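Hi everyone, thanks for coming. Please have a look at it first.

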Amino acid sequence: MSAPPSPSADRAPPPAARGVSWLGLLLSALLLLTVLSAATAAAGCWAWRHLHARIPLGGQRADIELPPSIRVDADVTNTVRVKLDHQLAVRVPISQDLTIPITDPLALKVHLDTEVPIHLDVPVNQMLHVDQAFDLDTTVHAKVWGMTFDVPVQAKVPLKADIPVSVVIPVRKQLPLSLTLPATVQVLDPIRTHIDTVFDAKVPVRAQLALPVTAPVSAQLSFPQRVVPVGISKLDAELPLRGVQLLRTPSAASTPPSGARP
């Protein structure tokens with residue numbers, strides 16, 4: 001007599017149930033990986049945009065590129081020394097009354113153009129010697145036998161005599177006078193005059209000046225050497241993650257020895 005079959009041996013799991021269980025696990029794992037990947041990508045994108053990397057640097061050398069020029073406002077604390085050696089063109093207006101005393105005699109050339117009145121009496125007392133012949137041509141009234149006749153007379157009459165002359169000759173005349181002669185003039189009264197003019201002059205200025213600068217000075221700094229090497233002793237650099245590049249550390253075999261050219 002055979003034994004009855006066992007219930008567990010007779011009850012086998014349906015194949016459909018086993019297939020759905022493995023498929024669900026696989027889908028759950030894929031969904032979990034997708035969610036984790038999306039969360040990681042979102043976290044990485046947020047960190048890429050908002051986080052910065054802080055890199056401390058020390059004992060490094062760098063090259064800094066400067067701009068061609070920089071406009072600055074500087075406060076000058078020291079006095080500025082300026083050397084002046086220049087001629088300044090100035091215009092000096094003068095409007096005033098002047099009194100000029102003249103104490104020394106003036107040597108002048110005087111030109112006279114005038115009339116001098118002459119009023120004098122000239123006495124003449126001398127002997128007039130006459131020795132000459134006179135031509136006589138006249139008519140003489142003659143009375144002959146009680147009758148008057150006009151007798152023409154033409155002859156040459158010699159005259160030789162000493163005639164005393166004693167007369168006073170009056171001279172009344174305006175004598176014109178025009179001459180130039182040197183003269184020395186003593187001016188007793190001061191000369192009063194009014195000056196209203198503008199003088200153009202050049203004033204030489206030679207001096208050493210120390211000028212304090214009280215206001216800020218605008219200046220423009222130029223850099224002939226744009227790239228300047230500097231040494232960094234300590235620097236905390238904050239860089240955005242999107243500006244950071246990750247490079248592979250060179251191996252010891254690829255690192256050139258000290259003093260060798262790469």
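Two quick notes on where the values come from. This is a predicted model, where local features need pLDDT of at least 70, side-chain atom pairs count only at pLDDT 80 or more, and totals for chains, interfaces and linings use all residues. Residues are numbered from 1 along each chain as its sequence is written, and side-chain values use heavy atoms, with hydrogens and water left out.

Back to Leu 30, which sits in helix α2, residues 15-50. Helices (H or I, at least four residues) and strands (E, at least two) are DSSP runs, numbered from the N terminus.

Now zoom out to the chain. How many helices and strands does the protein chain have? There are two helices and ten strands, and along the sequence they run α-α-β-β-β-β-β-β-β-β-β-β. Of the 262 residues, buried ones make up 2%. The accessible surface comes to about 23400 Å², and 61% of that belongs to carbon and sulfur atoms. Such areas come from the Shrake-Rupley method with a 1.4 Å probe, and for residues only the protein chains shown count as cover.

What about contacts, meaning heavy atoms within 4.5 Å? Among those between residues at least 6 apart in sequence, 90% join residues at least 24 apart.

Phe 134 gives us a local view. This residue is in strand β5, residues 106-144, and is partly exposed at 36% relative accessible area. Leaving out residues up to four places away in sequence, Phe 134 touches Ala 155, Lys 156, Val 157 and Leu 159. The C-alpha atoms of Phe 134 and Leu 159 are 7.2 Å apart, although the two residues are 25 places apart along the chain.

Last topic: salt bridges. A salt bridge here is a side-chain nitrogen of Lys or Arg within 4 Å of a carboxyl oxygen of Asp or Glu, and the count comes to four. I'll show you some of them.

Asp 85 pairs with Arg 206, with the closest N and O atoms 3.2 Å apart. This pair links distant parts of the chain, strand β4 (residues 80-100) and strand β7 (residues 191-211), 121 residues apart. Asp 85 is exposed at 54%, and Arg 206 is exposed at 61%.

Another salt bridge joins Asp 121 and Arg 172, again with 3.2 Å between the closest N and O atoms. Asp 121 is in strand β5 and Arg 172 in strand β6 (residues 147-185), so this pair ties together parts 51 residues apart in sequence.

Finally, Asp 135 forms a salt bridge with Lys 156, at 4.0 Å between the closest N and O atoms. Asp 135 lies in strand β5 and Lys 156 in strand β6, so parts 21 residues apart in sequence are tied together. Are these two buried or exposed? Both Asp 135 and Lys 156 are exposed.

Technical notes
Buried < 20%, exposed > 50% of the residue type's maximum accessible area, 1.4 Å probe, protein only. Contact = heavy atoms within 4.5 Å.
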